[in-house]
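Here are a few notes from going through the model. Have a look at the helix packing and the aromatic rings.

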Amino acid sequence: MFHRKLTALDYHNPSAFDCTDDTQYRNCVVWLEDQKIRHYKIEDRGNLRNIPSSDWPEAYQKYLQDLNCPFGAQEKQESVDWLMGLAVRYEYGDNVDKYKNCEPLAAFSNSNTAVVDPLFNLDGDSPDFKAGVTALANILKIQRHDDYLVMLKAIRILIQDKLSPEAITKASHKQEGIPVALDKHVLGFDTGDATLNEAAQILRLLHIEELRELQTRINEAIVAVQAIIADPKTDHRLGKVGR
């Protein structure tokens with residue numbers, strides 16, 4: 001989740017950063033403030049730099065509030081990710097000419113390549129973007145993920161599969177079932193409870209229906225294969241049938 005941003009910021013050993021390690025976490029926050037964000041004056045960074053202190057969480061909470069961060073100190077992953085995004089923006093602002101003249105990656109500059117995923121051009125570090133994705137995920141009851149782009153892709157898949165006009169039309173088309181008399185079907189065992197017996201009969205019938213659907217698909221696959229290998233040519237010299 002953090003590797004790409006830490007690499008862009010030239011953080012030492014970004015691959016080894018562990019957000020769950022308090023010491024690494026606090027050191028990273030201090031490094032971001034000292035090297036990139038620089039919101040406080042040097043003399044005002046004492047409480048934040050006092051990493052072993054039991055009062056560090058309070059200092060960190062105040063620091064986040066002073067930066068108008070939408071996340072609190074308890075939301076460790078979200079808050080440090082937001083800080084990294086802020087640091088990236090400041091880094092770009094300090095070196096606009098350097099990054100403005102960067103050549104685009106060949107994979108995306110070549111017009112003959114495949115169509116680029118539209119999600120690639122989104123600013124995944126934007127607080128507004130993260131807030132919007134989180135709100136959508138909550139509405140659609142999608143599980144949260146550390147990577148907001150992954151969450152957005154999940155939202156897109158759900159909308160395409162369940163909320164597209166085609167999906168809604170298909171879902172609104174009701175299929176009428178055939179009435180079945182349960183007393184005409186032998187269960188084969190007795191649970192000792194009439195209600196449980198009926199439930200078991202229903203489950204068995206549903207299972208049989210699934211098996212029939214599976215058999216239909218198997219038959220369709222066999223027919224498709226036969227269509228490919230049908231009408232073989234006979235080579236009498238070889239004494240066998242084949243192409």
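Is the crossing of H2 and H4 left-handed or right-handed? It is left-handed, that is, the near helix is turned anticlockwise from the far one by less than a right angle.

Before the points: this is a predicted model, where local features need pLDDT of at least 70 and side-chain atom pairs count only at pLDDT 80 or more, while totals for chains, interfaces and linings use all residues. Residues are numbered from 1 along each chain as its sequence is written, and side-chain values use heavy atoms, without hydrogens and water.

1. The axes of H2 (residues 22-37) and H4 (residues 56-66) come within 12 Å and cross at roughly 40°. Axes here are lines fitted to C-alpha atoms over the stretch in contact, with angles from 0 to 180 degrees between N-to-C directions; helices are DSSP runs (H or I, at least four residues), numbered from the N terminus.

2. On the H2 side, Tyr25, Arg26, Val29, Glu33 and Ile37 make the contact, and H4 brings Trp56, Pro57, Tyr60 and Tyr63 (heavy atoms within 4.5 Å).

3. Tyr40 and Tyr63 have ring centres 5.4 Å apart and planes at 65°, so they pair edge-to-face (centres within 6.5 Å; planes under 30 degrees apart are stacked, over 60 edge-to-face, the rest tilted; for Trp the six-membered ring is used). Tyr40 sits in the loop between H2 and H3 (46-49), 23 residues from Tyr63. Both are buried (under 20% relative accessible area, 1.4 Å probe, protein chains only).

4. Trp56 and Tyr60 are stacked, at 4.9 Å centre to centre and 20° between the planes. Both lie in H4, four residues apart, and both are buried.

How values were computed: Helices (H or I, at least four residues) and strands (E, at least two) are DSSP runs, numbered from the N terminus. Buried means under 20% relative accessible area, exposed over 50%, partly exposed in between (1.4 Å probe, protein chains only).
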